[in-house]
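Student: I have a structure open and want to go through a few local features. Can we start with surface charge?

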Amino acid sequence: MVTYIVRRLITAVLILFGASFIVYVLTALSGDPLADLRQLRTPNKDALIQARTELLDLNTPPPIRYFIWLSGAVKCVVPFLGTCDLGQSIQGEPVTEALARAMGQTISLVTAATVLAIIVGISLGIITALRQYSGLDYGVTFMAFLFFSLPIFWLAVLLKEYAAIGFNDFLAEPKIPLSALLIIGLVSAVIWGILAGGSWKRKGLAALIGFVVAFAILFVMDKTGWFVNPGLGPVLIAIFGVGVAYAVTGLTSGLKNRRALYTALLMVPIGLISYYAINPLLSMATPLMIVLLAVATILVGCIVGYFMGGYDRGQSMRAGAISAFLIGGLIVLDRFLVTWSAYSSHSRVRGRPIATTGASTPGLDGDFWISGLDNFTHLLLPTIALMLASLAGYSRYSRSSMLEIMSMDYIRTARAKGLSERTVVMRHAFRNALIPLATLVAFDIGALIGGAVITESVFAFSGMGALFINALNRVDPNPIMGFFLITGILALVFNLIADLAYSVLDPRVRVKA
Amino acid sequence: MRFGRTSKAVGVAAVAALALSACAANTGTEDGGNGGGEESGGEVRVVEVNAFSSFNPDTAKGNVDINSKIEYATHSDFNYINNDLEIVKNEKFGSYEVVSEDPLTVKYTVNEGVKWSDGEPIDAGDLMLSWAVMSGHFNDAKTDKEGEVVSGHNYFDYAGDTSGLGLTDVPEIGEDGRSITLVYEKPFADWEISFGVGVPAHVVATQGGLADEDALIELLQSAPEGDPAKPQERPELKKVADFWNTGFDTKSLPSDASLYLSSGPFIVKDIVPEQSMTMVRNEDYNWGPMPKIDEITVKYIGEAPAQIQALDNGEVDIIAPQASADTIEQLEALDGVTVERGNQLSYDHLDLNFTGPFADKDVREAFMLTVPRDAIYDAIMKPLNPEGSPLDSQIFLPEQAAYAEAVKANGSENFQEVDIEKAKELLNGKTPEVKIMYNNANPNRVDAYTLIAASAEKAGFKVVDGGLGASDWGSALGTGTYDASIFGWVNSGVGVTGVPQLFSTDGGGNYSGYSNETVDELSNQLILETDPKKQEEIQIKIDTELWGDRFGLPLFQPVGVDAYSDRIEGVKYMPNQTGVWWNFWEWSVKE
């Protein structure tokens, strides 16, 4: 194992050297860094050209400049050699600073989208596999491929036009016309019908329910001015809480395990009490406090589950912890929703809450809730765009992997010994179906930092992608090499991790030295 | 009566729901936000393409449009340039007067009470530092053929031209301590736009290792002039200059407030690197045009479509995207937005080499007669600006007052129409082979080349496509590897020192090998002439010579566009690099 890792690492270093040399030389040869100066007709043109030539050391041939760069860059990777020096950009900013900033931006932009894409994509894949060749399967497949093949810049423009500009216009005068209500109701009916599956009678009934539910909810929201003053309030928290408790128990331990169900249900009153109790505390919330509260809720869930006991403490604790966490999330969501009207009417936001560009509203000084909403409104569109584009991969992989597992002999054995369908799917099939996905996920996390060049430039985010493309436009090798170093190392490391993880997860695969 | 368990549960839940709905937790967030506080003038958001990188835009590195714009809003100066490209004096800041014509002597005085935002007055020290920077007085570097410095130093890494103030010796400081007098060895045409106040001297002095501003004045006055033949080590000056060169470079708001002092209407309050920056009013400011708004926010958005949608969404108020037919079409489709467009101060042109086939004047004339300038304009610029026409002067742009007069006199009327017959006559049966060099990564240049080549071939020219890639065409200029070239020049709109650069025999931008004694002589006169009227006359004469010598053809100016929301007013199109910022004090928020 160790020999294997060492061997992989040595190859990785060699690959890095070779690739960085090629990237450096290609970048240096990709354009004329003096192009903008050549068109000047002022007498100091030569002096400016000379200054830039000196700054970028253009009189030295690129392959030699690469080794000069390398002598500084090596210190970043190998410890104890001295201070890390990745050089400066054409504007005189140290590349290390630019990288740190760009990485922060990129992580904030891509993390939510990746996590959501993984969760939603895998769920969709599993569900469609369980209902292979149903209307749902075809519908999801169609949508996944549709979004996969849409160019993201076009998707982004559409999102901005309808989800930002159009939605903001709607929020300015939140009246849903009857025609829109009917259309949304019909769409909901179709979705419910497809989801329901089974006989046509069943589908028709589901469609009817879907229509009524969507129509009624929107109608009530419209009439009560919910869009202007959103919020959940204790009643909705309680109702959703009970729903969460049933769903979580159903998935983790099955509703037959009454103790687990009661643990999860107990979280609802506890959540409601804390909804009032910690309310003053939430007014001065900080990110750290929210994290600590989240940890506390999970602990409460575990403790309650422990004392509920029963023949399987672990199941109760798990159901309790997950429901507690989700109900806590509902309380936080309620708080964000209640803050919404204050945010949207803030003078800097100008009543146009959903933003199309940038990472934050300039000059907005708000507490945790206001700035949280600000992050949300700025990340919403790029996150949707990125998520839709990467859903296809995850859902297809998990679908095929799940299908393969479901036809395995041991699944038939599990069914034959009388296990419930939930246990067969959740415990025997689902976990094994995730193994091949580990490779994909590990690699995607490695690629996270690389940024999304097009998405970043369409949404005016200044992450790694923007750093790369701007430097390339200026024919400025140093930032590009910084970018390459980070993404290259991450790609190699996560590739290795993916391989190792596979061998750990799947006992049939062994790493041979 | 017995209730089932479910009914009981529902009943309890309903009662609880009723009870609870009456008492949602008081979150204390009902009061709407008022981030604006007591502001009255309101806030305007401007979009820029490039991100801010330095508080000193006079350095070669910091010389990026956005840095200059921020400086424009946070610094006052003796004059500024308006959108008619005229120099407007700011008498409230200070005054300058020509004390003597021979030798040209100019006295600059800053008014009393004009100060930096830390309370330090703007005075002779600041003027002295500017002079030291802009004159290159102390530079003693010698460079080899490749441009590498072999001995000595260039102290201040100034982005501007030192040839004008280089004619002055160490200036004298006035008794009041707020004025200096510059004496030019010989008259200098562009003296009025060559001098201004830069970064604060007291900050440069202390951060550059000196005791205070007086020590800096002392240093600048006592240090001898730099002489490349006898370079000296000047560690003190080097330290000062090094700080001036790099000390103001930053992408985020420095913790040291002295690095972003303001002497203008606004002062930087906050910077989010690569995202936005916020400027608020400089409370002390009363020495110049007073702004109507309280805050300017700059937001960086690179892509034109993203800028347009941000404007449509009300996130920003003013945008100036890269002009293209799509951009203009999208902008005009927006409601509640005013679109302005005009020419930019740059122009594409066709230059003919005075060697090879074009050494013969008849061949040059024949070639020029085949160039379909109208067709080129129609193909490239008409979709953007239906009202414009091809450029008819080698020196002036239509935005400049003398353009109309120059066009009348310079002989450009002979080249308005394509005249293949006359070109054939001039060629007299010859079929010269000409190679045209251009940037083939620029679609406009490719279009221009295609039209020119097709038309020239009708007259018998054999056109060779000498198009080069984006990274190669620039360094090919002036190498004589082609017979004609299509590229662009940037015109600053004011000043005349650019003219000899392009057209005199030893001019740095004279890539055609053009040499005309009359033009050389006129050029020499021009840079010594301080009277704007006479400058115009000389330039018209040069222009006429150029057309007479069949130098080449100006083609067209690119179109610029800006757009602003109806929320604000007072924005006016500006063709030069300052863009919409030129009259930011006239912007106001309606309501």
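Student: Which residues form the negative surface patch?
Tutor: This is a predicted model, and in it the negative patch is made up of B:Asp374, B:Glu417, B:Asp419, B:Glu421 and B:Glu425.

Student: Take B:Glu421. Where is its place?
Tutor: B:Glu421 sits in helix α13 of chain B, which covers residues 420-427.

Student: And is B:Glu421 buried or exposed?
Tutor: B:Glu421 has a relative accessible area of 53%. Exposed means over 50%, so B:Glu421 counts as exposed.

Student: Back up to the whole of chain B. How many helices and strands does chain B have?
Tutor: There are 18 helices and 22 strands in chain B.

Student: What does the C-alpha trace of chain B span along its principal axes?
Tutor: The span is about 120 × 70 × 45 Å. Chain B has 591 residues, and 55% of them count as buried.

Student: Backbone next. Which peptide bond in chain B is cis, with omega near -5°?
Tutor: That is the bond from B:Asp102 to B:Pro103. B:Pro103 belongs to the loop that runs between β4 (94-100) and β5 (105-110) of chain B.

Student: What about phi of B:Leu85?
Tutor: B:Leu85 is not a glycine, yet its phi is positive, near 60°. B:Leu85 is in the loop between β2 (79-81) and β3 (87-89) of chain B.

Student: Why does B:Leu85 count as buried?
Tutor: Because its relative accessibility is 9%, and buried means under 20%.

Student: Switching to chain A. What is phi of A:Asp57?
Tutor: About 55°, a positive value, although A:Asp57 is not a glycine.

Student: Where is A:Asp57?
Tutor: A:Asp57 is in a loop of chain A, between α3 (45-56) and α4 (62-77).

Student: And why is A:Asp57 called partly exposed?
Tutor: The relative accessible area of A:Asp57 is 26%. Under 20% would be buried and over 50% exposed, so A:Asp57 falls in between and is partly exposed.

Student: Last topic, confidence. What pLDDT does chain A average?
Tutor: Chain A averages 89, and 99% of the residues score at least 70.

Student: Which elements of chain A have the lowest and highest mean pLDDT?
Tutor: Helix α2 of chain A, residues 35-38, has the lowest mean, 80. Helix α16 of chain A, residues 409-416, has the highest, 94.

Definitions and conventions: Residues are numbered from 1 along each chain as its sequence is written. Chains are lettered from A and ligands numbered from 1 in the order in which they are written. This is a predicted model: local features need pLDDT of at least 70, side-chain atom pairs count only at pLDDT 80 or more; totals for chains, interfaces and linings use all residues. Side-chain values use heavy atoms; hydrogens and water are left out. pLDDT is the predictor's confidence in each residue, from 0 to 100. Helices (H or I, at least four residues) and strands (E, at least two) are DSSP runs, numbered from the N terminus. Patches are made of residues with over 30% relative accessible area and no salt bridge: like charges are joined within 9 Å, nonpolar side chains (Val, Leu, Ile, Met, Phe, Trp, Tyr) within 5 Å. Accessible areas come from the Shrake-Rupley method with a 1.4 Å probe; for residues, only the protein chains shown count as cover. A salt bridge is a side-chain nitrogen of Lys or Arg within 4 Å of a carboxyl oxygen of Asp or Glu. Lys and Arg count as positive and Asp and Glu as negative; His and the chain ends are not counted. The place of a charge is taken as NZ of Lys, CZ of Arg, CG of Asp or CD of Glu. Buried means under 20% relative accessible area, exposed over 50%, partly exposed in between (1.4 Å probe, protein chains only).
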